[in-house]
Amino acid sequence: MKEQLHALLQQSLASLVVDGVLSEVPDNIRIDHSKDKTQGDFASNIALVLSKQAKCAPKVLAEKIVANLADSTEIEKTEIAGPGFINFFMSQGSNSSVIDQIIDQSNEYGMSDFGVNQRVLLEFVSANPTGPLHVGHGRGAAYGATVANLLRAIGFEVDNEYYVNDAGRQMDILATSVYLRYIETDKFPDNGYKGSYIFDIAKQVNGIEKFDIFDGVSADEKDGGDKEKHIDDLIANCKVLLGDDYKTIFDLAIDGILSGIKTDLAEFGVDYKQWFSEQSLVDSGLSKTTVEALQASGHIYEQDGALWFKTTDFGDDLDRVVVRDNGMHTYFASDIAYHLEKFERGYDKIINIWGADHHGYIARVKASVTALGNDADKLEILLVQFANLYRGGEKVAMSTRSGSFVTLEELRNEVGNDAARFFYVLRKSEQHMDFDLDLAKSKTNENPVFYIQYAHARICSVLKQNTGDSSAVDLTLLNNEAETALIKQLNRYKDVLQSSALNYEPHVLAYYLRELAGDFHSYYNSSEFLVEDATLKNSRLQLISAVKQVISNGLGLLGVSAPDSM
RNA sequence: GCGCUCGUAGCUCAGCUGGAUAGAGUGUUGGCCUCCGAAGCCAAAGGUCAUGAGUUCGAAUCUCAUCGGGCGCACCA
């Protein structure tokens with residue numbers, strides 16, 4: 001319907017170009033769903049946009065545009081309003097035809113082929129496997145999974161990926177922490193992982209000799225020493241004394257934590273196509289050859305014994321080290337290789353979802369992409385802000401270091417997956433959010449998840465009570481205020497879905513569903529559905545069936561269930 | 001200090017690729033169940049869109065400055 005209006009406007013503008021009123025037809029003609037019913041169903045600001053080009057007042061131009069519009073049975077009337085908006089009032093039949101479309105296409109309704117034949121790589125969460133996911137990761141998980149769903153709904157082929165940082169020092173600290181819990185010493189490094197999950201992993205270790213790995217190590221911070229050096233010494237001792245057994249502990253630690261993360265995400269409705277190992281980049285030699293490639297193209301220089309990548313040539317603030325003076329590759333070096341590898345897989349679009357605290361890394365990663373001859377515009381980095389938890393009106397204190405954080409699993413158990421998924425995407429991703437645990441748990445009208453689910457359940461309940469023949473339907477009977485509003489809302493769904501997806505903004509869909517549910521609840525209170533007149537009854541049931549379908553489809557994309565009863 | 005980001009109703013937030021009287025929820029106040037699920041509906045009150053300039057026919061939206069909050073500025077990952 002909107003497409004037809006678009007074509008009609010384009011035609012009209014083209015004829016005005018022939019008449020010499022306009023010099024050219026713009027390629028971005030905007031048509032919006034009117035926010036107020038007195039302004040019709042659709043509105044265009046095109047006359048305001050082009051008034052300068054036409055050298056006449058917007059209202060005058062609007063009249064010319066309307067006069068040149070071809071006749072259409074879909075349009076009941078047009079009006080010029082305000083400073084020069086053109087308002088389109090569509091015929092009732094044109095508006096209500098959406099109901100049939102929704103019923104026909106059922107679960108598929110709303111989908112489109114906008115992104116057909118385009119492949120997207122979406123990397124998200126990618127938390128270090130040094131402990132269970134916490135509520136901060138949960139937001140990235142919910143956001144990423146929903147963005148993937150939205151993009152798929154409009155035709156993109158999306159591959160979800162989790163980058164596993166299984167190489168490097170943090171993993172050694174993890175393994176050493178596990179070993180220390182295994183030998184049950186009362187000494188523990190300041191920098192070790194202190195969480196209770198370390199004990200659980202340590203319990204699975206058996207048959208490995210218990211050495212005193214504190215022999216000869218430098219002092220820890222609490223004893224006036226350097227905590228970094230202290231733990232590095234412990235790791236070194238651990239490796240030497242344990243020999244092959246070190247790898248056994250190491251693998252046990254990472255496998256244990258990673259499988260926990262996988263289970264957690266799967267239960268949260270978040271699925272991955274691939275878990276990409278950082279270590280695999282080292283093993284395959286790609287990390288090394290990537291640095292060599294940068295060297296060959298003259299982007300690397302040596303200083304103080306380290307190799308620096310001249311990212312400032314590509315807009316970064318400072319140059320960055322890729323190989324340390326001890327010969328170790330930095331995390332950044334792996335990241336360069338990883339992104340190169342991503343580009344080589346031939347995706348049309350590569351999206352990374354990062355915690356907002358990593359925003360400082362965007363410039364250097366994009367620099368590396370450009371330096372290696374790829375198009376950095378293909379790489380989009382979306383940022384997700386932290387979530388603050390509130391319970392009983394008080395902010396829940398969290399600190400990763402001390403191990404006192406609320407895990408994603410605890411959150412899911414406390415508020416349920418539906419509420420967690422919905423609350424996480426209810427706010428714009430780059431916006432700080434306050435997550436009110438009490439509200440998410442409440443089964444009252446304060447809770448938007450239940451408000452929407454309730455609308456769905458209510459419709460199911462009504463439909464269940466219907467008896468009799470349902471063949472006689474006349475959608476033109478749906479013309480009271482509540483019905484008109486509801487039909488108008490249904491007509492918006494496809495556009496909402498598309499813009500929500502293209503802008504990576506799930507909250508737009510979440511807000512829409514709340515509005516749709518609200519319009520339904522109003523309708524429910526103002527009109528009776530199961531009336532004597534069979535044709536009217538069937539028509540109303542068709543309408544609310546369509547509402548039920550759209551709620552179900554929309555919630556599905558958000559990863560939230562649409563129960564028949566609650 | 002430099003960079004990024006945010007500042008909209010008591011509270012939590014939409015609206016930001018410039019457009020018509022700035023919107024929801026919650027909270028407050030007052031109404032609606034002999035009727036399909038009251039986990040609902042209706043209504044009222046509530047605003048210097050942080051502040052000040054600028055661009056424009058038109059600014060919550062774009063530009064600059066100031067104030068205030070968050071984050072980032074490692075040969076860590």
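Helix α19 passes helix α20 in a left-handed crossing; left-handed means that the near helix is turned anticlockwise from the far one by less than a right angle. Helices here are DSSP runs of H or I with at least four residues, strands are runs of E with at least two, and both are numbered from the N terminus.

This is a predicted model, where local features need pLDDT of at least 70 and side-chain atom pairs count only at pLDDT 80 or more. Residues are numbered from 1 along each chain as its sequence is written.

Back to the pair. Helix α19 covers residues 506–526 and α20 covers residues 534–558; they pack at an angle of about 155 degrees, with their axes 10 Å apart. Axes are lines fitted to C-alpha atoms over the stretch in contact, and angles run from 0 to 180 degrees between N-to-C directions. That makes α19 roughly antiparallel to α20, a label for angles over 145 degrees.

Which residues of α19 meet α20? Among them are Leu509, Leu513 and Phe520, and on the α20 side the list includes Arg540, Val547 and Gly554. Contact means heavy atoms within 4.5 Å. Nonpolar is Ala, Val, Leu, Ile, Met, Phe, Trp, Tyr, Cys and Pro; charged is Asp, Glu, Lys and Arg; the others, Gly among them, are polar.

Next, helices α2 (residues 46–54) and α3 (residues 58–67). Their packing angle is about 105 degrees, with axes 8 Å apart. That makes α2 roughly perpendicular to α3, the term for 65 to 115 degrees. Their contact has nine nonpolar residues, one polar and no charged.

Methods. Chains lettered and ligands numbered in written order. Heavy atoms only, no water. Parallel < 35°, antiparallel > 145°, perpendicular 65-115°, else oblique.
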